[in-house]
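Thanks for coming, everyone. Please look at the structure first, and then I'll walk you through it.

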Amino acid sequence: MTSVVKVPPLVTVFGGSGFIGRHVVRALARRGYRVRAAVRNPNLALHLLPLGNVGQIQPVQANLRMRWSVDRAVQGADCVVNLVGILHEGGRQTFNAVQDFGARAVAEAARAQGAKLVHVSAIGADAASRAAYARTKAAGEKAVLDTIKDAVVFRPSIVFGPEDAFFNRFAAMSRVSPVLPLIGGGRTKFQPVYVGDVAEAIARAVDGKVAGGRVYELGGPEVRSFRELMEEMLSVVGRRRLLVSVPWWVARLQGSVLGLLPNPPLTAGQVEMLKTDNVVSEAARSEGRTLEGLGIAPQATEAILPTYLWQYRPAGQFTKTTLA
């Protein structure tokens with residue numbers, strides 16, 4: 001009598017080699033899924049292979065601007081996760097191409113395959129925003145839900161954790177600069193969410209434990225102003241720096257100039273988005289469309305930041321904390 005070997009479900013993860021992506025791939029691999037990491041350069045995704053068993057994780061080439069590559073990456077998948085997004089435009093990587101057209105391409109490919117879809121957007125997505133980033137995030141969400149009615153959409157606030165582009169950037173800046181800028185006085189509110197909690201929410205959606213056709217907003221347990229986040233970061237790295245308020249008009253001018261750089265530290269669009277608080281809405285909280293509503297207890301910055309920002313402390317003050 002021959003036994004039938006059941007093949008684990010296949011999940012295609014667009015943007016699997018990125019900051020959030022590597023945590024999503026790890027969470028899925030631990031659950032036993034086969035993972036196809038669809039990225040523009042598969043050679044830069046080889047670091048994902050040790051996160052699973054031999055052959056469990058497969059990097060493949062895909063570019064959201066090239067529909068044929070999206071279709072190929074989705075072929076045979078049971079579920080598709082789209083994590084792709086950009087903070088600034090560069091060359092052919094425009095907001096429209098990646099976050100609007102690209103989101104629709106992934107959704108249409110998943111629908112043709114009969115696969116479930118999990119789409120990651122961002123708090124602040126707004127069709128009426130003056131910032132192209134926010135407008136195209138909203139357009140991508142609409143394209144996804146128009147194409148697959150029961151898709152799951154996640155909107156995280158600013159995501160933190162090892163290799164994040166927020167706390168690491170300012171901690172590195174504090175090493176060399178005696179001052180740190182507070183755009184608009186640093187009054188903008190954020191609700192930082194731990195990358196591991198975001199990955200867990202996505203994995204539960206892949207498991208089928210998250211109701212589809214809804215937009216979930218993911219934030220941490222605390223709402224903090226930009227100034228408060230900078231003060232906390234400086235406390236963790238053990239440095240004292242002057243926090244200087246930068247008027248909106250000055251920040252916008254700086255963003256317009258810096259935005260011309262290949263990898264700009266600030267753009268005019270980002271300044272515009274800082275005028276609006278980046279927190280979970282009251283509607284999402286009341287309707288249970290949050291981490292807590294999914295049964296996930298979000299972790300606070302104070303518990304996580306010391307586990308990776310210790311490297312920015314002055315020489316002789318290293319006190320590395322290990323995260324279980």
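Predicted model: local features only at pLDDT ≥ 70, side-chain atom pairs only at ≥ 80, totals over all residues.

Residues are numbered from 1 along each chain as its sequence is written, and side-chain values use heavy atoms, with hydrogens and water left out.

Rings first. Rings of Phe, Tyr and Trp (its six-membered ring) pair if their centres lie within 6.5 Å; planes under 30 degrees apart are stacked, over 60 edge-to-face, and the rest tilted. That rule gives ten aromatic pairs. Take Phe 166 and Phe 190: their centres are 6.2 Å apart, their planes sit at 45 degrees, and the pair is tilted. This pair links distant parts of the chain, 24 residues apart. Phe 166 is in the loop between strand E7 (159-160) and helix H5 (167-176), and Phe 190 is in strand E9 (residues 189-190). Helices (H or I, at least four residues) and strands (E, at least two) are DSSP runs, numbered from the N terminus.

Buried or exposed: which is Phe 166? Buried, at a relative accessible area of 10%. Phe 190 is buried too, at 8%. Buried means under 20% relative accessible area, exposed over 50%, partly exposed in between (1.4 Å probe, protein chains only).

Phe 166 also pairs with Phe 226. Their centres are 5.9 Å apart and their planes at 80 degrees, so this pair is edge-to-face. Phe 226 lies in helix H7 (residues 226-237), 60 residues from Phe 166. One aromatic cluster includes Phe 166, Phe 190 and Phe 226, with Tyr 194 among its other members.

Now helix H6, residues 195-207. The expected span is 1.5 Å times one less than the number of residues. For the 13 residues of H6 that gives 18 Å, and the end C-alpha atoms are 18 Å apart, which agrees. Its buried residues include Val 195, Ala 199 and Ile 202. After H6 comes Gly 208, with a positive phi near 90 degrees.

Last, salt bridges: a side-chain nitrogen of Lys or Arg within 4 Å of a carboxyl oxygen of Asp or Glu. How many does the whole structure have? The search finds 15. In one of them, Glu 163 meets Arg 22, with the closest N and O atoms 3.7 Å apart. Arg 22 is in helix H1 (residues 19-30), 141 residues from Glu 163. Glu 272 bridges to Arg 252 at 3.9 Å, and to Lys 275 at 3.5 Å. Glu 272 is buried, at 14%, whereas Lys 275 is partly exposed, at 44%.
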